Amino acid sequence: MVKVKDHRKGQNKPEPKDLWQEPFVPASAWKPCADQCNWEASEGNNGYIMVTANGGINQQRIAVCNAVVVARLLNSTLVVPRFLYSSVWRDMSQFSDIYQEEHFINYLTPDIRIVKELPEDLRSLDLEAIGSIVTDENIMKEAKPSFYLKKILPILFKNRVVHFFGFGNRLAFDPIPFQLQRLRCRCNFHALQFVPKIQETGALLLQRLRQHDGHPGRLDHYLIGQSAESIKKESNNRAKKASRYLALHLRFEIDMVAHSLCEFGGGEEERQELEAFREIHFPALTLLKKTTKLPSPAELRSEGLCPLTPEEAILMLAALGFKRKAHIFVAGSQIYGGQSRLAALTSLYPNLVTKEKLLSSTELEPFVNFSSQLAALDFIGCTAADAFAMTDSGSQFSSLASGYRMYYGGGKMPTIRPNKRRLATIFLKNSTIEWRVFEQRVRKAVRQTKHVQTRPKARSIYRYPRCKECMCRLD
């Protein structure tokens, strides 16, 4: 066990100089340029593409960007995407409930043709009967553009319409032509803007996170649009220094915990609860457990394949040097284990808040039962933060938030990405460890993830936008 009481002794030490900073010189050499468009608009003559995207808001966002690129690739007209209802997320939200539909259509007009619905003569077609429904089972993960040209274009020529049902991560990152990759970035970073209802509540959230000081942040304009003006007006009336805050995305909801196949100290009761959840929501995983020998929970943890618990996350932040008085915004507050698990966080950091704590029940009422819209508020709070820490670098939310910060942050928006394998070694392979040693090891493990790099081949442009298709180097 880490001697947590020793952490209190370090509270008088100054914070590390790089705690709230990115490596500025190499990071600031990159500037956004995905808005540059230098091709003729597609007329969309080859038919219509319909998309019903699955997953939560983050998976849906990626599916929308992929659909835009596929529509351009096939010279087809895109029907405004629809979102599939999920038994996990239980959200009936559609595209226009989350994103500004008119802005999406108009912004991408130089790239593709987008319509709100199919022409009347195509609406009555039985798409399944004529072979125009294509599911994720028909498309390999990260399929190359050649797949769509060989397999999907002939269906468009024949039937004039294709419906991608359950569409998700079905377009490769490499190899893909330069302009198509840039279109992906243009869609993600420019065309998808939250609706005014979300932006206005997001502005309230940011004002309260900054202690009502009214200082607009670097990303406010891109995240909350016109609502950023209300923050500027506040700043004219206040002379206080802006309050810095750290955002922490705790990817510790029950679906993540159950899917990980890890154990988290809850004994037999926890095992039964998670197994019951898997049987309902992840039947394929339940079947795999019965037919295949899988790694044990201990083996998964030692390999860094388990999500960080809230307790581990807060110890990581303390070891990095964040003071007890630090203001921390926690996203993903539907934590497995509930409020008792959050208590571990507030015991070390009393200035820890969630959107539910900062916004009144009246302000949150329009979003009740709409998990995707609530997640959009978390996205705004995390992406605009002075520093952002994630607990699972593989999560779509964390990838999108950190990529957005990278794209618009100008080298001043640090993100903390834990190396879970290294941290697992630190947490597990020491029966006891002095705080000073723990601090040194955690800082070394995290410091190595803060270096500035271009997008590695085949990795996500949403998470790593530092590439020639999305951002331009000044040197």
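Q: Quick one to start: which helix is Asp97 found in?
A: Asp97 belongs to helix α4, which covers residues 95-98. Keep in mind that we are looking at a predicted model.

Q: Okay, and how exposed is Asp97?
A: Its relative accessible area is 33%, so Asp97 is partly exposed.

Q: What does Asp97 touch, leaving out residues up to four places away in sequence?
A: Its contacts are Met92, Val195, Ile198 and Gln373.

Q: Let me zoom out. How many helices and strands does the protein chain have?
A: The protein chain has 23 helices and 13 strands.

Q: How does the radius of gyration look against a compact globule?
A: It agrees: the chain has 23 Å, and a compact globule with 475 residues would be near 23 Å. Along the principal axes, the C-alpha atoms fill a box of roughly 70 × 65 × 50 Å.

Q: What share of the residues is buried?
A: Buried residues are 56% of the 475 in the protein chain.

Q: And what about contacts between residues 24 or more positions apart?
A: They account for 79% of the contacts with a separation of 6 or more.

Q: What about the accessible surface?
A: It comes to about 21,700 Å² for the protein chain, and carbon and sulfur atoms hold 52% of that.

Q: Switching to sheets. What is the strand order in the open sheet of 5 strands?
A: The order is β10-β9-β8-β11-β12, and the pairing is parallel. The edge strands are β10 (352-353) and β12 (415-416), each of which pairs on one side only.

Q: How many bridges join β8 to β9?
A: There are 4 bridges between these parallel strands.

Q: How does β9 pair with β10?
A: They run parallel, with 2 bridges. Phe329 has Val353 in β10 as its bridge partner.

Q: Are the faces of β9 covered or open, and which residues sit on them?
A: Both faces of β9 (residues 328-331) are covered. Ile328 and Val330 are on one side, Phe329 and Ala331 on the other, and all are buried. In a regular strand the side chains alternate between the two faces of the sheet.

Q: Back to helices: how many residues of α16 are buried?
A: In α16 (residues 310-320), 10 of the 11 residues are buried. The buried set includes Glu312, along with Pro310, Ile314 and Met316.

Q: What happens just after α16?
A: Gly321 takes a positive phi of about 115 degrees there.

Q: Which residues other than glycine have a positive phi?
A: Among them are Leu261, at about 65 degrees, and Asn369, near 70 degrees.

Q: Where is each one, and is it buried or exposed?
A: Leu261 is in the loop between α12 (254-260) and α13 (267-281). With a relative accessibility of 17%, Leu261 counts as buried. Asn369 is in the loop between α19 (361-364) and α20 (371-383). Asn369 counts as exposed, at 63% relative accessibility.

Q: Last one: what does Arg218 touch, beyond residues up to four places away in sequence?
A: Arg218 touches Gly409, Gly410, Lys412 and Met413. The C-alpha atoms of Arg218 and Gly410 are separated by 8.5 Å, though the two are 192 residues apart along the chain. Arg218 itself is in the loop between α9 (196-209) and α10 (220-224), and it counts as partly exposed at 44% relative accessibility.

Terms used
Residues are numbered from 1 along each chain as its sequence is written. This is a predicted model: local features need pLDDT of at least 70, side-chain atom pairs count only at pLDDT 80 or more; totals for chains, interfaces and linings use all residues. Side-chain values use heavy atoms; hydrogens and water are left out. The radius of gyration is taken over C-alpha atoms; the globule rule is 2.2 Å times the number of residues to the power 0.38. Buried means under 20% relative accessible area, exposed over 50%, partly exposed in between (1.4 Å probe, protein chains only). Contact means heavy atoms within 4.5 Å. Accessible areas come from the Shrake-Rupley method with a 1.4 Å probe; for residues, only the protein chains shown count as cover. Two strands pair if DSSP finds at least two bridges between them.
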